[in-house]
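Take a moment to look at the fold as a whole. Then follow one part of it at a time, as set out below.

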Amino acid sequence: MKPLMYSQLDANIYNIGWRREGNEIKYYKNNTDNGQQSFYCLTWTIQFPHDQDTCFFAHFYPYTYTDLQCYLLSVAKNPIQSQFCKLRTLCRSLAGNTVYLLTITNPSPTPHEAAAKKAVVLSARVHPGESNASWIMKGFLDFILSNSPDAQLLRDIFVFKVVPMLNPDGVIVGNYRCSLAGRDLNRHYKTILKESFPCIWHTRNMIKR
């Protein structure tokens, strides 16, 4: 839980990115005695590395919507990976951002064998602040798209349906848990409100299909 810091000068001069920094780290509940609503505080001390610098702080190593788009573009341009990984739009979010869907499987010799494959569904970033989920998803995709014998066997046996960023609006605007509508999407998988929760509605329908 140690905070992360990014120094623009360190990045420009030394090519140093996000790193764990800080001392005297405390995480505590306040307003516990006066009857008001309690909040949780994170406090720490930091010594900035340079004068005239701009620094940023984060809870986890960031992984942005742009990071995802750059990664998916590299997969789409890869002549080998693009043979067994198909990228398409699952839907548009409330703000009009693309929710991506990857279908990963090796081509089957016959349509009957293709239809017999079981599906494995994975998704990440329903809670935007949990950027560590995107790093785990990247690790999974790096593996399943590789030429590892295990990865090739899994692609022979299964069809992987992957939604790598389920809540792009929340990621872009910096929400921690909610969508653009201010809702925790994990609590709305039974919704019939397609326009209010398009990402969940289309993911559920994809799973049913």
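Predicted model: local features only at pLDDT ≥ 70, side-chain atom pairs only at ≥ 80, totals over all residues.

Start with a sheet: 3 strands form an open sheet in the order β2-β1-β5, and the pairing is antiparallel. The edge strands are β2 (19-20) and β5 (55-58), each of which pairs on one side only. Two strands count as paired if DSSP finds at least two bridges between them. Strands of a sheet pair through backbone hydrogen bonds, either parallel or antiparallel.

Residues are numbered from 1 along each chain as its sequence is written, and side-chain values use heavy atoms, with hydrogens and water left out.

Now step back to the chain. There are 8 helices and 9 strands in the chain. These are DSSP runs, numbered from the N terminus: helices are H or I with at least four residues, strands are E with at least two. The C-alpha trace spans about 65 × 45 × 30 Å along its principal axes. Of the 209 residues, 37% are buried. Buried means under 20% relative accessible area, exposed means over 50%, and partly exposed lies in between (1.4 Å probe, protein chains only).

Two loops deserve a look. N15 is found in the loop between α1 (8-14) and β2. N15 is not a glycine, yet it has a positive phi of about 60°. With a relative accessible area of 69%, N15 is exposed. Q52 is found in the loop between β4 (39-45) and β5. Q52 is not a glycine either, and its phi is positive, about 55°. Q52 counts as exposed because its relative accessible area is 80%.

Next comes a helix. A76 lies in helix α2, which covers residues 65-77. A76 has 42% relative accessibility, so it counts as partly exposed. A76 and K86 are 10 residues apart in sequence, and their C-alpha atoms are 7.8 Å apart in space.

Finally, turn to the annotation. An unreviewed UniProt entry gives "domain: Peptidase M14" for residues 61-209. UniProt positions are given in the numbering used here, feature names are shortened, and annotations may be inferred rather than shown by experiment. The span 61-209 is 42% helix and 18% strand, and its end C-alpha atoms lie 35 Å apart.
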